[in-house]
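Hello,

Here is the structure I promised to pass on. My notes on it follow below.

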Amino acid sequence: MSQSNRKRHQYPRGPLALMRGVYKYTIPETRKALNGWRSQADAIPNEELRTQALASLKDKQFHCEGGTVYALADLPNRHILIPLIVSYQTISDYLDNLCDRSTSMDPDDFRLLHQSMLDAVDPEATPVNYYALREEQDDGGYLRNLVTTCQELTRQLPGYTSAKPQIQDLAGLYTDLQVYKHIKPELRETALLEWWSEHRHRTPQFRWNEFAAATGSTLGVFMLFLAASDDQLTEEQAASIHTAYFPHVCALHIMLDYLIDQDEDRIGGDLNFCNYYENVETMLDRIAFIVEMARSDVQKIPGSSFHRMIIEGLIAIYLSDPKVSEQQEVRVVSKRLLKNSPITRIFFFIFSRWIRKNM
């Protein structure tokens, strides 16, 4: 990247510096931003929309707290990056709740709802009535405000024009996934396989469930938000960041999420991408392969040690979750993934356990 970018993006050096930054800057400022959205969600007139908005803010706060770690690499611009990441992730979490616990099974409804995510990353887009195809309508402007907040903040990122095509690609794939994974259970797999057949040339090393998992992560978008805070960012540099994150880093993020949620999803009847492996050994081999590929990919972009910390932190955070100890198969996978771990992963694992007990 440019000399200007190296000066601007000061990536935390080592796990201790990262955790210091998290506690000093990102967690307090993320929670402040979330409190603002919580106040708005609390005022939503429609009961169902209000319930799902508040539930997503309560149960998925850690998604925003994890995502805003990217702002640590450009602290002078954190006043843009933190509220932007929080607003975008809040749209994602809110819509996930609306579709998961939906009063509708209409793919057109799901697509229109998720048009808000495409509009949020396009500063020129005009917001529409995203609820037009569903019974619940009146959110008091909540979703539109999330969208326009993202738009206003992306306008303040000097390199956004260069990053925008790559961000739109990831947002488009994310939208497709959310439509297909939430339709009637008997139609989901066929729809996902047909969709994969259109895109499989992009990830020939992946099975269909792994490609789908990769499209479900917002980490690539967050990293591109950070990259766009550099006024010297080129389209080529944005494309290299996209390639470094998608598919392997993004797939690892979501496969770990699904790994620990297997029991929960079985009970709720929700689709889980870890259930499509022949056996536990195959699942373990595939996740281990994705880890190695992710580590290799981030070597090719600036701040590679920071991105490796992100990867090790993801593994540690998910494998330290209490849900792991409650599922025998997941415990087996967890032990194997933690065996011979680099010291950074062990540090984050111990720290994550400590945090869970003390917060």
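Which residues on the other side of α12 are exposed? They are E236 and T243, where exposed means over 50% relative accessible area, buried under 20% and partly exposed in between (1.4 Å probe, protein chains only). Before going further: this is a predicted model, in which local features need pLDDT of at least 70 and side-chain atom pairs count only at pLDDT 80 or more, while totals for chains, interfaces and linings use all residues. Residues are numbered from 1 along each chain as its sequence is written, and side-chain values use heavy atoms, with hydrogens and water left out.

Helix α12 spans residues 235–245, and its buried residues are Q237, A238, I241, H242, A244 and Y245. Seen down the axis, these fall within an arc of 165° (taken from the directions from the helix axis to the C-beta atoms), so they line one face of the helix. Helices here are DSSP runs (H or I, at least four residues), numbered from the N terminus.

P247 sits in the loop between α12 and α13.

There are also 13 aromatic pairs, counted when ring centres of Phe, Tyr or Trp (its six-membered ring) lie within 6.5 Å; planes under 30 degrees apart are stacked, over 60 edge-to-face and the rest tilted. Y11 and F306 have ring centres 5.2 Å apart and planes at 40°, so this pair is tilted. Y11 lies in the loop between α1 and α2, and F306 in helix α16, 295 residues apart. Ring pairs also join Y11, Y70, Y245 and F306 into a cluster.

Best wishes

Notes
Helix = DSSP H or I, 4+ residues; strand = E, 2+ residues; numbered from the N terminus.
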